[in-house]
Amino acid sequence: MKGITVKELFSLENVLAAPLLQRVKYPFEALAGIADFIKQIGPGLDPSVYDKRGENIWVAKSAVVAPTASITGPCIIGEHTEVRHCAFIRGSALIGNHCVVGNSTELKNVILIDTVQVPHYNYVGDSVLGSHAHMGAGSITSNVKSDKTLVVVKGCGEELPTGLKKFGAILGDYVEVGCGSVLNPGTIIGKNTNIYPLSSVRGVIPANSIYKRQGEVAEKRNVQ
């Protein structure tokens with residue numbers, strides 16, 4: 001299935017999560033290893049850059065974390081990242097540099113590669129968000145199917161079983177998700193793609209696209 005591999009979705013140069021993601025072909029294969037990876041690399045982080053703030057929790061000294069934020073380990077919060085009022089980080093969260101985790105945003109079992117913004121009332125669970133990805137206010141990942149069966153990635157007439165009961169979404173680098181959108185279980189969005197507000201998205205959305213509604217996806221022009 002085209003467009004859904006780690007190499008096709010992300011640039012991983014100087015990225016903290018790179019060793020974990022480079023072990024696998026598809027990003028969702030890394031979801032089960034996030035917690036152990038954080039526990040493995042956390043103790044080796046530079047103590048002049050990171051503070052240990054609790055059991056398996058490392059926060060960069062340059063990060064700004066609101067006193068009302070709730071953080072459960074294992075968790076790493078990267079340099080110059082902002083965690084705002086009443087953010088709820090439930091654990092197994094690897095948050096890169098220059099990210100924004102916004103007011104009342106909830107994270108669980110996620111990788112946010114550098115410069116990701118989930119700034120307003122977002123739920124992101126069992127997902128990987130690429131560099132410069134942005135989720136508009138109120139947009140969420142739905143990570144469990146209503147019938148509780150295992151998630152299957154679907155695209156271009158093909159199906160790829162994941163073996164996972166919980167799998168939200170994968171966003172490639174520079175993806176923009178419009179306000180109020182729902183990314184259904186197993187959604188994979190290619191690089192540089194825009195999702196219209198109030199969308200219900202499922203399956204594989206190609207890179208360099210504009211998603212308007214199910215079945216109506218336009219190709220971007222003049223993409224660098």
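View 1. Leaving aside neighbours within four places in sequence, Ile 95 is in contact with Ile 76, Ile 77, Gly 78, Thr 81, Ile 89, Val 101, Leu 107 and Leu 112, where contact means heavy atoms within 4.5 Å. This is a predicted model, in which local features need pLDDT of at least 70 and side-chain atom pairs count only at pLDDT 80 or more, while totals for chains, interfaces and linings use all residues. Residues are numbered from 1 along each chain as its sequence is written, and side-chain values use heavy atoms, with hydrogens and water left out. The largest nonpolar core has 66 residues, and Ile 95, Leu 107, Ile 111, Leu 112, Leu 129, Phe 167 and Leu 171 are the ones that touch the most other members. Such a core is a set of buried Ala, Val, Leu, Ile, Met, Phe, Trp, Tyr and Cys residues joined through side-chain atoms within 4.5 Å; buried means under 20% relative accessible area, exposed over 50%, and partly exposed in between (1.4 Å probe, protein chains only).

**View 2. The salt bridge between Lys 61 and Asp 51.** The closest N and O atoms of Lys 61 and Asp 51 are 2.4 Å apart, and a salt bridge is a side-chain nitrogen of Lys or Arg within 4 Å of a carboxyl oxygen of Asp or Glu. Because Lys 61 lies in the loop between β2 (57-60) and β3 (64-65) while Asp 51 belongs to strand β1 (residues 50-54), the pair ties together parts that are 10 residues apart in sequence. Strands (E, at least two residues) and helices (H or I, at least four) are DSSP runs, numbered from the N terminus. Lys 61 is partly exposed, with a relative accessible area of 41%, and Asp 51 is partly exposed at 27%.

**View 3. The salt bridge between Arg 90 and Glu 106.** Here the side chains of Arg 90 and Glu 106 meet with N and O 2.8 Å apart. Arg 90 sits in the loop between β7 (88-89) and β8 (93-95) and Glu 106 in strand β10 (residues 106-112), so this pair ties together parts that are 16 residues apart in sequence. Arg 90 counts as partly exposed at 36% relative accessibility, as does Glu 106 at 21%.

**View 4. The salt bridge between Arg 84 and Glu 82.** The side chains of Arg 84 and Glu 82 meet at 3.2 Å, N to O. Arg 84 is partly exposed, with a relative accessible area of 27%, and Glu 82 is partly exposed at 31%.
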